[in-house]
Amino acid sequence: MARACHGPTSWTKAATSSAGASPFSRASPARCLSPRIRRQSAVELAEQSRQLGAALAQLHTLTLPEAGRHNPRSDAIQPFATPYVEYVSATLEDLLTRSLAASNATTEADVAWARSVLERARPALELPFTPAVVHLDFGFHNVLFEQRDGHWRLTGVIDWMTAEAGHPECDLSRPLATDRQSRIGAREAFLGAYEAVHPRTSGFEERFRAFMLWERLLIWQYWQAQPQNDFGGIGMREWIEPFVEMLR
């Protein structure tokens, strides 16, 4: 593939020039994976996944004083108006409301389950953390690779419109969901490279469930609102829960 010019310096510039759009892309990760990625061997996918994890780890070394979004008028990070846990809670509530309105595939029982996931994660989300630049749509669909001397190298990260200052662990959800949904089979390679730089901290498992719920709800509510989707007769909890519990 063609070399990209992106590197750590351009990541910072791109992230801090974000327009502050709604977190995460609404496009399904499975739909975004190119045929080239799908045709890679298991060895190549593991190598690329390690590169993916290492790049994300490097991105998350870019820390900021407060969590928030870029304000283009002041050219500075505008802190969230509420504590981070309340920002996450409000985001999830909005997605649940949209999901209920989108179709009858989301039930009140599904909503109660989702709220219980957040409540179990609340103490972990309230723990202090150092905000970092988070991409919020990070994965195979938004990176560039080149192959040289028989090895793959990640050369660029694109599509920064959703970037913000937030909890770095939220960026793990989309790559891990994509790995499961698309049967890439390189989860450990990705996590190993990432956690070599950022080891898990207290409350990781609980936060992961809430962040994965957030990421999956974005996909769910968007496609439920479309005239046609690929979910068939499956319900919200039935589709999302295996992702939420995937690290158990």
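Are Phe 211 and Trp 214 buried or exposed? Select both: Phe 211 is buried, as is Trp 214 (buried is under 20% relative accessible area, exposed over 50%, partly exposed in between, with a 1.4 Å probe and protein chains only). The model is predicted, with local features needing pLDDT of at least 70 and side-chain atom pairs pLDDT 80 or more, while totals for chains, interfaces and linings use all residues. Numbering runs from 1 along each chain as its sequence is written, and side-chain values use heavy atoms, without hydrogens and water.

Stay on these two rings. They form a tilted aromatic pair, 6.3 Å centre to centre with 45° between the planes. Rings of Phe, Tyr and Trp (its six-membered ring) pair if their centres lie within 6.5 Å; planes under 30 degrees apart are stacked, over 60 edge-to-face, the rest tilted. Both residues lie in helix α9, three residues apart, about one turn (helices are DSSP runs of H or I, at least four residues, numbered from the N terminus).

Now show the largest nonpolar core, 67 residues, in which Tyr 84, Val 88, Leu 213, Trp 214 and Ile 240 touch the most other members. Helix α9 (residues 204-224) supplies its largest share, 12 residues. Such a core is a set of buried Ala, Val, Leu, Ile, Met, Phe, Trp, Tyr and Cys residues joined through side-chain atoms within 4.5 Å.

Finish at Phe 243. The charged end of Arg 216 sits over its ring, 4.6 Å from the centre, and that of Arg 180 does so at 5.5 Å (CZ of Arg or NZ of Lys within 6 Å of the ring centre and within 35 degrees of the ring normal).

Methods. Helix = DSSP H or I, 4+ residues; strand = E, 2+ residues; numbered from the N terminus.
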